[in-house]
Amino acid sequence: AELDTLDIVVLGVILLGTTAYLTKGTFWAKPKDPYGSLAQQPNGKAAKLGKTRNFVEKMEESGKNCIIFYGSQTGTAEDYASRLAKEGKSRFGLETMVADLEEYDFDAIDTVSSDKIVFFVMATYGEGEPTDNAVEFYEFINGEEPAFSKGSADAPLENLHYIAFGLGNNTYEHYNSMVRDTDRLLTKYGAHRIGTAGEGDDGAGTMEEDFLAWKEPMWKALAAHMGLEERDAVYEPVFGIVEREGLTPESPEVYLGEPNKMHLEGAAKGPFNAHNPYIAPIAESYELFKVKDRNCIHLEVDISGSTLSYATGDHIAIWPTNAGEEVDRFLRITGLTDKRDQVISVKVLEPTAKVPFPTPTTFDAIVRYHLEIGAPVSRQFVSTLAAFAPNEEIKAEMNKLGSDKDYFHEQTGSQLFNIARLLEHVSNGQVWDKIPFSAFIESLTKLQPRYYSISSSSLVQPKKISVTAVVESSAVVGRTDPFRGVATNYLLALKQKQNGDPEPSPFGLSYELHGPRNKYDGIHVPVHVRHSNFKLPSDPAKPIIMIGPGTGVAPFRGFIQERAQQARDGVNVGRTILFFGCRKSTEDFMYESEFEEYKKALGDKFELITAFSRESSQKVYVQHRLKERAAEISDLLSQKAFFYVCGDAANMAREVNTVLTQIIADGRGVSQAKAEEVVKNMRAANQYQEDVW
Ligand code: FAD
């Protein structure tokens, strides 16, 4: 029998559907994002369904000849990527786009044509690991035989021209390993790098200057390679601000700080992650220090109403809110005070750009909930803003600050101005109302969640996460008020409110503690959990040695809480030694009485060794105590004890590493070099674990 047209169409559809199903993930992109089905992603990104994961295709489609990938954890690499994109466009006429590594596949990287340029701005995280969004890229390129789309060839990437910059910290052993590896692997497959592979060093505090110093010769090399002509950079906004006359802050579709659509429309559902926090009740909060001038907060975050779970040693992220005074200062100096509640939509004028928060919203909500207005201002941003100065004199000053590194540091270095304070300072309080708001969205980092090492055991309290956070404040030369940390002062305000202070305002800072539309009322804080590899040995009988001065004690409180419970349950628990340090036993010795309780459960298995740095004329730190116990430590390590370090990455962790190497060299009678190798192997085997920041 003959098939009629309808039959053919029906069959065709079935066949297509079957092919699509069978080839899922091979020929067509799999939507990986759990929010892909939402009209707007929780973080304000456009919906992803149907979007290609082939970046070469994406560049073709959108007429780009330059793509700037970023591997970012805290937002700095992402910020540098967008700055490079802007500069490439405004100075050299490149058609640039910024891209999150996570949003693309890399098998087609071998199809990039040689007239394109690909940037990799790669942060290194922790122990030489890729940032969360770079994991898949790294696994692909670092794989034994990356499955390039055109199959294997001698130099599969010979058409690829790339540029690389890394963000690292020299206090870590695997300094800038992500950019070094990326560079090595791309070269190995035949790609050509333009300029040097730059490295910024957060450890030396020179990240921004390293970046600025790297990019000038890089642009020169790129311009020569692509035959680009430099022109006078004119600022072109990436975002357009549209005032929504029909809407008020009371309109139900207006975001007042809600992180995504689910939060706007009702109680947010899981999965809770870096795009979608859980608004968690704080069950309890109290002060851990016994002095007036410094604070350390203990919080109990209740996750029982959510799908969140954690394991001992994981991290919790706290989503902060900016202090009201800093929000006011920002709105005042930019001339937006009267418009703070004006409802606006933010539109992209550049099709590959993304609005980093959901809209429609208000200026107040953007500044309070979504932009990192407290961070030190970058010199490049100062240059950008010069064009919008209230008068010629201020403009000249801004240009000088932007172009003269030494002058900039002389003027702002000791003051560490945030954006509003810098504008106030340079204009002497005169309002800057000519700056396009787009410039702030482009140049300020998204307000970042802050991570904390969970200080409880999931065995003991699976539904309550403890946080131990020291409140940040540092004296600033030339200013009467010290710098106050964003997240920790917010937590301090929450603690004050919970403990009966009707108008909490730590150090005169007040916060919108009730959150958008009062959704955080009754003491709530937005959080998510990040799983870590910092873990107790699976066998509780294994001895453990923990080095945790200051808030570095946080995860170890969890470890010891867990082992004390195991001991009470009759489990055979191994030696559990904690080296703790602080200034004075009478001031900042946190959890002192709790440790006494754990001692009752663990008996001789538990030992707490303290170092108080301000109780004798000579400063005593944990690494000194460690040295004093060299023989015993060496002995325990031969019994395969696990060795843990948590806290300050800059000094303490490095010194502990040195002392440990010495202990091993002396204890085993081997050379320094051999001992270093032993320590390296311990790290590789997870017998030596660090949780440092
Ligand atoms: P921020 O506002 O982020 O400021 C941080 C520092 O930056 C300030 O101290 C200051 O020196 C400097 N700074 C920033 N802007 C300026 C400016 N404009 N002027 C002058 N100086 C400025 N912390 C804990 O207390 N406990 C923990 O258990 C813990 N665990 C962590 C685990 C991990 C994996 C990581 C990555 C970090 C951890 N931290 C922990 C640190 C924590 O995440 C925060 O960095 C810390 O609490 C400070 O946050 P904040 O928002 O209060 O300060």
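Predicted model: local features only at pLDDT ≥ 70, side-chain atom pairs only at ≥ 80, totals over all residues.
## About the model

Local features here need pLDDT of at least 70 and side-chain atom pairs count only at pLDDT 80 or more, while totals for chains, interfaces and linings use all residues. Residues are numbered from 1 along each chain as its sequence is written, and side-chain values use heavy atoms, with hydrogens and water left out.

## Cysteines

A disulfide is a covalent bond between the sulfur atoms of two cysteines. Searching the whole structure turns up zero disulfides, counted as pairs of cysteine sulfur atoms within 2.5 Å.

Take Cys-296: its closest cysteine sulfur belongs to Cys-582, and because the two sulfurs are 10 Å apart, they are too far for a bond. Looking from Cys-582, the closest cysteine sulfur is the one in Cys-296. Cys-296 is buried, at 0% relative accessibility, and Cys-582 is buried too, with a relative accessible area of 10%. Buried means under 20% relative accessible area, exposed over 50%, and partly exposed in between (1.4 Å probe, protein chains only).

## The open sheet

Five strands line up as β21-β20-β19-β22-β23 in an open sheet with parallel pairing. The edges are β21 (606–612) and β23 (688–692); each has a single partner strand, so one side of each is left without a neighbour in the sheet. From one strand to the next, the twist averages 15 degrees. Strands are DSSP runs (E, at least two residues), numbered from the N terminus, and two of them pair if DSSP finds at least two bridges between them. The angles run from 0 to 180 degrees between N-to-C directions, with axes fitted as lines to C-alpha atoms.

Within this sheet, β19 (residues 544–547) and β22 (residues 642–647) run parallel and are joined by four bridges. Ile-544 has Phe-642 as its bridge partner in β22.
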